[in-house]
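Please read the following report alongside the model itself. It takes up a few strands, helices, loops and a pocket in turn.

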Amino acid sequence: MNSVHQELIEALKKWTPSGENTVDLLTNILPLSKEAAYRRLRGEILFSLDEAVVICRKINLSLDRLIEMKRENTFTFRANPLIFSQSIENYYKMLEDSFQAFNSIKDDPDSFVYAAQNNLPLTFAYKYPMLSRIKLFKWTYQLNPYSTPKKVTAFHIPEKIFRIQNRYSEAAQSINQSLLIDSNSMSAFINDIRFFETLEMISTEEILQMKKELMSLLDEMENTTKTSSFPSGKKLQIYISHTVIDASYFYIQNEKNRLSFIYLYSLNNINCDNIKMGDYQRQWIESLMRFSTLISGSGELERVRFFTKQREIVNSL
(Lines give C-alpha, C1' and ligand atoms only; values in the text may rest on other atoms or scores of the structure.)
Protein backbone atom coordinates (compact mmCIF):
# COMPACT_ATOMS: atom_id res chain seq x y z
CA MET A 1 0.00 0.00 0.00
CA ASN A 2 1.19 3.54 -0.76
CA SER A 3 2.90 4.83 2.41
CA VAL A 4 1.26 8.27 2.27
CA HIS A 5 -2.14 6.61 1.78
CA GLN A 6 -1.45 4.36 4.79
CA GLU A 7 -0.41 7.31 6.95
CA LEU A 8 -3.63 9.13 6.01
CA ILE A 9 -5.65 6.06 7.05
CA GLU A 10 -3.78 5.94 10.38
CA ALA A 11 -4.47 9.64 10.92
CA LEU A 12 -8.18 9.04 10.27
CA LYS A 13 -8.21 6.20 12.79
CA LYS A 14 -6.57 8.43 15.42
CA TRP A 15 -9.13 11.16 14.75
CA THR A 16 -12.07 8.75 15.09
CA PRO A 17 -13.80 9.31 18.47
CA SER A 18 -13.68 6.43 20.92
CA GLY A 19 -16.49 3.94 20.29
CA GLU A 20 -17.16 5.17 16.74
CA ASN A 21 -16.28 3.74 13.33
CA THR A 22 -13.64 5.21 11.00
CA VAL A 23 -15.72 4.41 7.92
CA ASP A 24 -18.55 6.58 9.29
CA LEU A 25 -16.09 9.41 9.89
CA LEU A 26 -14.79 9.11 6.33
CA THR A 27 -18.28 9.14 4.78
CA ASN A 28 -19.06 12.28 6.80
CA ILE A 29 -15.96 13.97 5.38
CA LEU A 30 -16.20 12.80 1.75
CA PRO A 31 -19.28 12.16 -0.43
CA LEU A 32 -18.65 8.41 -0.51
CA SER A 33 -20.79 5.32 -0.06
CA LYS A 34 -19.81 2.99 2.76
CA GLU A 35 -18.48 0.47 0.27
CA ALA A 36 -16.28 3.10 -1.41
CA ALA A 37 -15.06 4.23 2.00
CA TYR A 38 -14.22 0.64 3.02
CA ARG A 39 -12.26 0.12 -0.21
CA ARG A 40 -10.13 3.20 0.53
CA LEU A 41 -9.56 2.15 4.14
CA ARG A 42 -8.50 -1.34 2.94
CA GLY A 43 -6.10 0.27 0.46
CA GLU A 44 -7.82 -1.14 -2.63
CA ILE A 45 -8.36 2.41 -3.95
CA LEU A 46 -5.96 5.27 -3.20
CA PHE A 47 -7.22 8.66 -2.08
CA SER A 48 -7.04 11.28 -4.79
CA LEU A 49 -5.13 14.48 -4.08
CA ASP A 50 -8.41 16.41 -3.77
CA GLU A 51 -9.75 13.85 -1.29
CA ALA A 52 -6.54 13.97 0.74
CA VAL A 53 -6.74 17.78 0.91
CA VAL A 54 -10.36 17.68 2.14
CA ILE A 55 -9.52 15.06 4.79
CA CYS A 56 -6.45 16.97 6.00
CA ARG A 57 -8.46 20.16 6.37
CA LYS A 58 -11.15 18.35 8.35
CA ILE A 59 -8.80 16.62 10.79
CA ASN A 60 -6.36 19.56 11.05
CA LEU A 61 -3.47 17.70 9.44
CA SER A 62 -1.05 19.39 7.04
CA LEU A 63 -0.08 17.73 3.79
CA ASP A 64 3.55 18.64 4.54
CA ARG A 65 3.38 16.66 7.74
CA LEU A 66 1.73 13.75 5.95
CA ILE A 67 4.64 13.58 3.49
CA GLU A 68 7.26 13.90 6.23
CA MET A 69 5.83 11.22 8.54
CA LYS A 70 8.42 8.64 7.48
CA ARG A 71 11.42 10.95 7.90
CA GLU A 72 13.49 10.08 10.95
CA ASN A 73 13.50 12.70 13.73
CA THR A 74 11.42 15.15 11.70
CA PHE A 75 8.49 16.56 13.65
CA THR A 76 6.01 19.02 12.21
CA PHE A 77 4.58 21.57 14.65
CA ARG A 78 1.50 23.66 13.95
CA ALA A 79 1.79 27.29 14.98
CA ASN A 80 -1.00 29.74 15.67
CA PRO A 81 -0.67 33.07 13.80
CA LEU A 82 -1.31 35.29 16.83
CA ILE A 83 2.12 36.89 16.86
CA PHE A 84 1.55 38.13 13.31
CA SER A 85 -2.11 39.09 13.38
CA GLN A 86 -2.69 40.04 17.05
CA SER A 87 -6.26 39.02 16.36
CA ILE A 88 -8.81 38.32 19.06
CA GLU A 89 -10.51 35.96 16.60
CA ASN A 90 -7.31 33.95 16.18
CA TYR A 91 -6.92 33.89 19.96
CA TYR A 92 -10.43 32.51 20.23
CA LYS A 93 -9.62 29.86 17.60
CA MET A 94 -6.51 28.84 19.54
CA LEU A 95 -8.57 28.51 22.74
CA GLU A 96 -11.20 26.49 20.89
CA ASP A 97 -8.55 24.12 19.50
CA SER A 98 -7.09 23.64 23.00
CA PHE A 99 -10.56 23.02 24.41
CA GLN A 100 -11.28 20.45 21.71
CA ALA A 101 -8.01 18.65 22.49
CA PHE A 102 -9.10 18.20 26.11
CA ASN A 103 -12.78 17.64 25.43
CA SER A 104 -12.13 14.90 22.87
CA ILE A 105 -10.40 12.69 25.46
CA LYS A 106 -12.10 13.57 28.75
CA ASP A 107 -14.35 10.48 28.60
CA ASP A 108 -11.40 8.17 27.95
CA PRO A 109 -10.42 6.52 31.28
CA ASP A 110 -6.83 6.12 30.05
CA SER A 111 -6.32 9.80 29.22
CA PHE A 112 -4.05 12.02 31.28
CA VAL A 113 -2.16 15.31 31.10
CA TYR A 114 1.35 16.28 32.16
CA ALA A 115 1.91 20.04 32.37
CA ALA A 116 4.77 22.29 33.41
CA GLN A 117 3.88 25.99 33.64
CA ASN A 118 5.90 29.10 34.30
CA ASN A 119 2.79 31.25 34.77
CA LEU A 120 -0.53 30.99 36.59
CA PRO A 121 -1.89 27.49 35.81
CA LEU A 122 -4.41 27.85 33.00
CA THR A 123 -6.53 24.98 34.31
CA PHE A 124 -7.49 27.30 37.18
CA ALA A 125 -6.75 30.84 35.96
CA TYR A 126 -9.05 30.74 32.93
CA LYS A 127 -12.05 30.75 35.28
CA TYR A 128 -11.29 34.27 36.50
CA PRO A 129 -12.22 37.14 34.14
CA MET A 130 -9.95 39.85 35.57
CA LEU A 131 -6.89 37.58 35.59
CA SER A 132 -7.62 36.64 31.98
CA ARG A 133 -8.16 40.29 31.09
CA ILE A 134 -4.79 41.49 32.40
CA LYS A 135 -2.93 38.70 30.59
CA LEU A 136 -4.64 39.49 27.29
CA PHE A 137 -4.21 43.24 27.85
CA LYS A 138 -0.46 42.80 28.43
CA TRP A 139 -0.08 40.77 25.23
CA THR A 140 -2.02 43.31 23.16
CA TYR A 141 -0.21 46.30 24.66
CA GLN A 142 3.18 44.68 24.10
CA LEU A 143 2.50 44.14 20.39
CA ASN A 144 0.39 47.27 19.69
CA PRO A 145 1.16 49.91 22.35
CA TYR A 146 -0.22 52.79 20.30
CA SER A 147 -3.55 51.24 19.37
CA THR A 148 -4.29 49.52 22.69
CA PRO A 149 -6.51 51.48 25.13
CA LYS A 150 -4.57 53.15 27.90
CA LYS A 151 -6.91 51.80 30.56
CA VAL A 152 -7.69 48.18 31.31
CA THR A 153 -11.34 49.15 31.79
CA ALA A 154 -11.47 50.37 28.16
CA PHE A 155 -10.02 47.16 26.79
CA HIS A 156 -12.89 45.20 25.23
CA ILE A 157 -12.87 41.40 25.30
CA PRO A 158 -15.77 39.58 23.59
CA GLU A 159 -17.89 37.53 25.95
CA LYS A 160 -17.23 34.40 23.88
CA ILE A 161 -13.57 34.51 24.99
CA PHE A 162 -14.61 34.11 28.63
CA ARG A 163 -17.07 31.36 27.69
CA ILE A 164 -14.48 29.28 25.83
CA GLN A 165 -12.00 29.75 28.66
CA ASN A 166 -14.53 28.39 31.13
CA ARG A 167 -15.20 25.43 28.85
CA TYR A 168 -11.44 24.86 28.59
CA SER A 169 -11.13 24.78 32.40
CA GLU A 170 -14.08 22.43 32.75
CA ALA A 171 -12.72 20.01 30.14
CA ALA A 172 -9.17 20.16 31.52
CA GLN A 173 -10.43 19.38 35.03
CA SER A 174 -12.19 16.30 33.67
CA ILE A 175 -8.84 14.58 32.96
CA ASN A 176 -6.27 13.10 35.34
CA GLN A 177 -3.32 15.51 35.59
CA SER A 178 0.16 15.96 36.93
CA LEU A 179 0.86 19.70 37.13
CA LEU A 180 4.26 21.27 37.76
CA ILE A 181 4.23 24.96 38.74
CA ASP A 182 7.11 27.44 38.78
CA SER A 183 7.32 28.79 42.35
CA ASN A 184 7.95 32.29 40.93
CA SER A 185 4.82 32.40 38.76
CA MET A 186 2.73 34.41 41.24
CA SER A 187 5.51 36.96 41.79
CA ALA A 188 5.88 37.38 38.03
CA PHE A 189 2.15 38.00 37.63
CA ILE A 190 2.15 40.56 40.46
CA ASN A 191 5.07 42.35 38.81
CA ASP A 192 3.00 42.68 35.62
CA ILE A 193 0.17 44.27 37.61
CA ARG A 194 2.56 46.68 39.31
CA PHE A 195 4.00 47.70 35.96
CA PHE A 196 0.59 48.74 34.62
CA GLU A 197 -0.27 50.33 37.95
CA THR A 198 2.84 52.52 37.62
CA LEU A 199 1.62 53.59 34.18
CA GLU A 200 -1.79 54.38 35.75
CA MET A 201 -3.52 51.91 33.46
CA ILE A 202 -5.12 49.93 36.29
CA SER A 203 -7.50 51.42 38.82
CA THR A 204 -7.58 50.71 42.54
CA GLU A 205 -10.90 48.90 42.10
CA GLU A 206 -9.41 46.63 39.42
CA ILE A 207 -6.45 45.79 41.65
CA LEU A 208 -8.83 44.86 44.46
CA GLN A 209 -10.78 42.65 42.06
CA MET A 210 -7.57 40.95 40.94
CA LYS A 211 -6.52 40.36 44.54
CA LYS A 212 -9.92 38.81 45.23
CA GLU A 213 -9.64 36.53 42.20
CA LEU A 214 -6.07 35.53 43.03
CA MET A 215 -7.12 34.59 46.56
CA SER A 216 -10.00 32.53 45.16
CA LEU A 217 -7.61 30.82 42.75
CA LEU A 218 -5.25 29.96 45.63
CA ASP A 219 -8.15 28.65 47.72
CA GLU A 220 -9.28 26.45 44.84
CA MET A 221 -5.78 25.13 44.20
CA GLU A 222 -5.21 24.42 47.90
CA ASN A 223 -8.46 22.50 48.19
CA THR A 224 -7.55 20.32 45.22
CA THR A 225 -4.11 19.57 46.67
CA LYS A 226 -5.69 18.43 49.95
CA THR A 227 -7.88 15.89 48.16
CA SER A 228 -5.51 15.23 45.22
CA SER A 229 -8.51 15.54 42.92
CA PHE A 230 -10.64 17.97 40.95
CA PRO A 231 -14.35 18.42 41.82
CA SER A 232 -14.99 16.08 38.86
CA GLY A 233 -13.25 13.31 40.80
CA LYS A 234 -10.30 13.15 38.40
CA LYS A 235 -6.86 12.93 40.02
CA LEU A 236 -4.57 15.93 40.32
CA GLN A 237 -0.96 15.88 41.46
CA ILE A 238 0.60 19.34 41.93
CA TYR A 239 4.37 19.77 42.10
CA ILE A 240 6.26 22.96 42.95
CA SER A 241 9.48 23.44 41.01
CA HIS A 242 12.70 24.45 42.79
CA THR A 243 14.20 25.67 39.51
CA VAL A 244 12.99 28.14 36.90
CA ILE A 245 10.77 26.61 34.20
CA ASP A 246 11.86 28.15 30.91
CA ALA A 247 8.52 27.71 29.07
CA SER A 248 5.08 26.19 29.56
CA TYR A 249 4.70 22.62 28.30
CA PHE A 250 1.68 20.32 27.97
CA TYR A 251 1.63 16.62 27.13
CA ILE A 252 -1.79 15.06 26.50
CA GLN A 253 -2.29 11.34 26.06
CA ASN A 254 -5.13 8.92 25.51
CA GLU A 255 -5.39 5.43 24.06
CA LYS A 256 -4.65 6.55 20.49
CA ASN A 257 -3.02 9.98 20.57
CA ARG A 258 -0.06 11.89 21.95
CA LEU A 259 -0.27 15.68 21.78
CA SER A 260 2.50 18.10 22.68
CA PHE A 261 1.96 21.82 23.29
CA ILE A 262 4.67 24.42 23.90
CA TYR A 263 3.61 27.99 24.71
CA LEU A 264 5.48 30.85 23.03
CA TYR A 265 5.05 34.62 22.83
CA SER A 266 2.93 34.66 26.00
CA LEU A 267 -0.38 33.43 24.51
CA ASN A 268 0.68 31.45 21.46
CA ASN A 269 1.30 27.75 21.33
CA ILE A 270 2.84 25.37 18.86
CA ASN A 271 1.60 21.79 18.89
CA CYS A 272 2.54 18.40 17.50
CA ASP A 273 0.78 15.03 17.47
CA ASN A 274 3.84 12.94 16.59
CA ILE A 275 4.09 10.03 19.07
CA LYS A 276 7.88 10.16 19.36
CA MET A 277 7.80 13.90 19.98
CA GLY A 278 5.13 13.27 22.61
CA ASP A 279 7.46 10.80 24.35
CA TYR A 280 10.23 13.42 24.34
CA GLN A 281 7.85 16.02 25.78
CA ARG A 282 6.74 13.70 28.57
CA GLN A 283 10.35 12.80 29.40
CA TRP A 284 11.23 16.50 29.61
CA ILE A 285 8.37 17.28 31.98
CA GLU A 286 9.25 14.26 34.12
CA SER A 287 12.86 15.46 34.27
CA LEU A 288 11.63 18.82 35.58
CA MET A 289 9.61 17.01 38.25
CA ARG A 290 12.82 15.60 39.71
CA PHE A 291 13.66 19.18 40.77
CA SER A 292 10.31 19.70 42.48
CA THR A 293 8.23 18.87 45.56
CA LEU A 294 4.85 17.14 45.50
CA ILE A 295 2.36 19.13 47.60
CA SER A 296 -0.75 17.07 46.86
CA GLY A 297 -2.01 14.52 49.34
CA SER A 298 0.58 13.85 52.03
CA GLY A 299 2.87 16.84 51.46
CA GLU A 300 1.08 18.95 54.08
CA LEU A 301 4.04 20.92 55.46
CA GLU A 302 5.30 22.00 52.05
CA ARG A 303 1.72 22.70 50.94
CA VAL A 304 1.07 25.05 53.88
CA ARG A 305 4.38 26.85 53.35
CA PHE A 306 3.73 27.32 49.63
CA PHE A 307 0.21 28.71 49.90
CA THR A 308 1.09 30.92 52.86
CA LYS A 309 3.88 32.49 50.81
CA GLN A 310 1.63 32.92 47.76
CA ARG A 311 -1.00 34.73 49.83
CA GLU A 312 1.66 37.03 51.26
CA ILE A 313 2.77 37.87 47.71
CA VAL A 314 -0.83 38.67 46.68
CA ASN A 315 -1.39 40.79 49.81
CA SER A 316 1.68 42.86 48.91
CA LEU A 317 -0.30 44.48 46.09
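Predicted model: local features only at pLDDT ≥ 70, side-chain atom pairs only at ≥ 80, totals over all residues.

Residues are numbered from 1 along each chain as its sequence is written, and side-chain values use heavy atoms, with hydrogens and water left out.

Helices (H or I, at least four residues) and strands (E, at least two residues) are DSSP runs numbered from the N terminus. Buried denotes a relative accessible area under 20%, exposed one over 50%, and partly exposed the range in between, with a 1.4 Å probe and protein chains only. In strand E5 (residues 248-253), six of the six residues are buried, so the strand is largely enclosed by the rest of the structure. Ser248, Phe250 and Ile252 are buried on one side of E5, and Tyr249, Tyr251 and Gln253 are buried on the other, so that both faces are covered.

Strands are taken to pair if DSSP finds at least two bridges between them. Strand E2 (residues 112-117) runs antiparallel to E5 and is joined to it by five bridges, with Ala116 standing opposite Tyr249. E5 also pairs with E6 in the antiparallel sense, over six bridges, and there Ile252 has Leu259 as its bridge partner. Four residues lie between E5 and E6, which form a hairpin.

**The second largest pocket**

A pocket here is an open set of points, on a 1 Å grid over the protein atoms alone, where a 1.4 Å probe fits and where protein lies on both sides within 12 Å along at least five of seven lines; lining residues have an atom within 4 Å of a point. The second largest pocket has a volume of about 470 Å³, where volume is the space filled by probe spheres set on the points. Its lining comprises 25 residues, of which Asn118, Asn119, Lys135, Asp192 and Ser266 lie nearest the centre. Helix H8 (122-125), helix H9 (129-143), helix H11 (185-198) and strand E6 (258-264) are the elements that give two or more residues to this lining. H9 gives the most, with six residues.

Ile161 is found in helix H10 (residues 159-172). Leaving aside neighbours within four places in sequence, Ile161 is in contact (heavy atoms within 4.5 Å) with Ile88, Tyr91, Tyr92 and Leu95. The C-alpha atoms of Ile161 and Thr225, 64 residues apart along the chain, are separated by 28 Å.

The buried residues of H13 are Met277, Gly278, Gln281, Ile285, Ser287, Leu288 and Met289.

**Two loop residues with positive phi**

Most residues other than glycine have a negative phi. Glu200, which is not a glycine, has a positive phi near 60° and is found in the loop between H11 and helix H12 (204-227). Ser228 likewise has a positive phi, of about 60°, and is placed in the loop between H12 and strand E4 (236-241).

| Residue | Relative accessible area | Class |
|---|---|---|
| Ile161 | 1% | buried |
| Ser228 | 14% | buried |
| Glu200 | 59% | exposed |
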